[in-house]
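These are my notebook entries on one chain, written as I looked things up.

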Amino acid sequence: MGRLISVHDKKVVETFVMKDPLANVLAIGDLDDFFWPSTVWYGWEEEGKLIDIALLYVGAGMPVLLCFAEVNDAHTKAFCEALQTVIPANVYTHLYPGVDQYFAENYRFVPHGRHYKMALAHPESVKDINVSAVNQLTMDDLEAINAIFTAAYPGNFFDPRMLETGMYFGIWEGDQLVSVSGIHVYSEEYDVVCIGNVTTHPEFRSRGYAKKVMARLIQALQQKVDNIALNVKANNTPAIKAYEKLGFRVIREYDEYEFYRKG
């Protein structure tokens with residue numbers, strides 16, 4: 001018989017999520033002191049042993065639940081039912097395929113589709129790409145960054161604090177930022193990064209800008225961390241092909257939802 005527990009020991013969490021660092025980059029990055037205060041961790045314990053874990057990130061906007069349970073694990077149904085007693089009424093979720101069924105009784109779903117986790121497998125792919133037109137972005141560029149996200153990537157998850165890492169890059173046309181690449185989580189201590197917020201203004205697409213800003217970002221990241229990954233919608237074929245050309249490969253599938261408690 002298992003039970004839900006709160007996990008407060010960072011080392012315990014680290015041991016669990018580091019079993020698959022490329023698949024778990026978001027969770028591992030959240031172990032960093034930069035993110036840790038915004039995290040709540042739950043575990044499923046059986047006979048005194050931690051056998052599964054889930055992360056609730058409460059740092060910005062709608063809370064995000066990352067549940068690592070697999071649909072074919074014997075404990076998953078009980079774990080998910082127990083999580084529903086502690087998670088918020090409204091929560092954004094990352095779940096492995098099929099796990100959503102265990103939340104259906106109590107939550108209404110707004111699906112955001114099947115996604116792929118991709119990992120950098122061939123880092124040499126970006127070595128010879130010309131990135132001379134790409135500039136590092138700072139907090140001074142925040143207004144321009146918000147403008148391009150509003151125009152080209154509404155609803156994205158962007159934490160301005162991430163600019164402090166120096167891992168945001170862009171291309172300018174005059175005074176307008178027209179292409180950008182950045183990160184969601186980043187930790188040199190835990191040797192992981194999750195790339196995110198990659199977009200080009202609609203009026204400036206098909207010019208190879210996304211390839212250049214991504215290449216510059218990857219080149220910078222390679223100097224700092226080994227485990228480089230990203231998430232992409234499974235039906236975004238152009239992006240997947242572009243990422244593959246930059247050296248990434250698909251390693252896992254998962255689903256994203258907004259959950260709203262019924263009643």
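**Contacts and overall shape.** I first looked up the contacts in the chain, where contact means heavy atoms within 4.5 Å, and among those between residues at least 6 apart in sequence, 70% join residues at least 24 apart. I note that this is a predicted model, in which local features need pLDDT of at least 70 and side-chain atom pairs count only at pLDDT 80 or more, while totals for chains, interfaces and linings use all residues. Residues are numbered from 1 along each chain as its sequence is written, and side-chain values use heavy atoms, with hydrogens and water left out.

I then listed the secondary structure, taking helices (H or I, at least four residues) and strands (E, at least two) as DSSP runs numbered from the N terminus, and I found 6 helices and 12 strands in the chain. The radius of gyration is 19 Å, close to the 18 Å that the globule rule gives for 263 residues, so the chain is as compact as a globular protein of that length; the radius is taken over C-alpha atoms, and the rule is 2.2 Å times the number of residues to the power 0.38. Along the principal axes, the C-alpha atoms fill a box of roughly 60 × 40 × 30 Å.

For the surface I used accessible areas from the Shrake-Rupley method with a 1.4 Å probe, where for residues only the protein chains shown count as cover. The chain exposes about 12,500 Å², of which carbon and sulfur atoms supply 48%. With buried meaning under 20% relative accessible area, exposed over 50% and partly exposed in between, I find that 52% of the 263 residues count as buried.

**Cores.** I next searched for nonpolar cores, each a set of buried Ala, Val, Leu, Ile, Met, Phe, Trp, Tyr and Cys residues joined through side-chain atoms within 4.5 Å. The largest core has 71 residues, and the members that touch the most others are V17, W41, I195, Y243 and F248. Helix α5 (residues 209-222) gives the largest share of this core, 8 residues. A second, separate core of 23 residues includes F79, V91, Y254 and F259. Returning to W41, and leaving aside its neighbours within four places in sequence, I list among its contacts I5, V7, V17, D30, W36 and L55.

**Aromatic pairs.** How many aromatic pairs does a search of the whole structure find? The search gives 14, with rings of Phe, Tyr and Trp (its six-membered ring) pairing if their centres lie within 6.5 Å, and with planes under 30 degrees apart counted as stacked, over 60 as edge-to-face and the rest as tilted.

Taking a disulfide as a pair of cysteine sulfur atoms within 2.5 Å, I count 0 disulfides. The sulfur of C67 is 4.4 Å from the closest cysteine sulfur, in C80, too far for a bond, and C67 is buried at 4% relative accessibility. For C194, the closest cysteine sulfur is that of C67, 18 Å away and too far for a bond; C194 is buried at 0% and lies in strand β10 (residues 192-200). Beyond four places in sequence, C194 touches residues including V25, I183, A229 and N231.

I also looked up H94, which is found in strand β5 (residues 90-95) and is buried, with a relative accessible area of 14%.

**Backbone angles.** Most residues other than glycine have a negative phi. D191, in the loop between β9 (176-187) and β10, has a positive phi of about 65 degrees although it is not a glycine, and at 22% relative accessibility D191 counts as partly exposed. S206, in the loop between β10 and α5, also has a positive phi, near 65 degrees, and at 81% relative accessibility S206 counts as exposed.

Note on methods
Buried means under 20% relative accessible area, exposed over 50%, partly exposed in between (1.4 Å probe, protein chains only).
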